Every structure is written in C-alpha cells, then in structure tokens.
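Please work through the exercises below with the sequence and the model side by side, taking each solution one step at a time.

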Amino acid sequence: MSIRYSQEFKDSLVKLHQEGRSLKSLAEEFGPSKDSIAIWLKQATPIMIKGQSKTLKDVKQLEKRLAILFSSSNNSETLF
C-alpha cells in the first residue's frame, strides 16, 4: 500500500533539501524513500518557458487544462 503525502509535507522536505539536508537524511528522518523525495525535488525545480519560470507541476497542470479545453472544443464541433 502506498502512502499519500500532503503537498505541504512534500514542500517542507524540498525546502529542507534546498537548505542542505541530504536525501538520505530526509528519508531516514521523515519516512518517504529517497526516490520519492527526488521526484518532489524535480517537480519543484523551476524551468524557463518563454521567459517565464514554471515548475514541472505547473506545466503538468497546464497540459491537463489544455487537454480538457481541446476535448471540449472537439465535442462541441461534433454536436453541430
């Protein structure tokens, strides 16, 4: 069974890592695997897109919104 961690918890571990804590020490103290924490770090790392700083999480959310808009526009075209 997998454990779900709150976004606040993930963000706090990311901040601790950015302040110098190792993945190993965070995993040992707080419980999630080093791999899970590494994924959270990757998701929180800003990337530049057309001069704007976005995180991978931001990009994924925008992709979902775009897919919803695209599918709803295709559905409305088939109704007419």
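**Exercise 1.** Which residues does Ala 27 touch, not counting residues up to four places away in sequence?

*Solution.* The model is a predicted one, in which local features need pLDDT of at least 70 and side-chain atom pairs count only at pLDDT 80 or more, while totals for chains, interfaces and linings use all residues. Residues are numbered from 1 along each chain as its sequence is written, and side-chain values use heavy atoms, with hydrogens and water left out. With contact meaning heavy atoms within 4.5 Å, Ala 27 touches Pro 32, Ser 33, Lys 34 and Ile 37.

**Exercise 2.** Identify the residues of the largest nonpolar core and the elements that supply them.

*Solution.* A nonpolar core is a set of buried (under 20% relative accessible area, 1.4 Å probe, protein chains only) Ala, Val, Leu, Ile, Met, Phe, Trp, Tyr and Cys residues joined through side-chain atoms within 4.5 Å. The largest has seven residues, namely Leu 13, Val 14, Leu 26, Ala 27, Ile 37, Trp 40 and Leu 41. Two or more of them come from each of α1 (7-18), α2 (23-30) and α3 (34-44), and α3 gives the largest share, three residues.

**Exercise 3.** Describe the order of the elements and the spread of the chain.

*Solution.* Counting DSSP runs (helices H or I, at least four residues; strands E, at least two), the order from the N terminus is α-α-α-β-β-α. The radius of gyration, taken over C-alpha atoms, is 18 Å, well over the 12 Å that the globule rule (2.2 Å times the number of residues to the power 0.38) gives for 80 residues, so the chain is more spread out than a compact globule. Buried residues make up 12% of the 80 residues.

Key:
Buried < 20%, exposed > 50% of the residue type's maximum accessible area, 1.4 Å probe, protein only.
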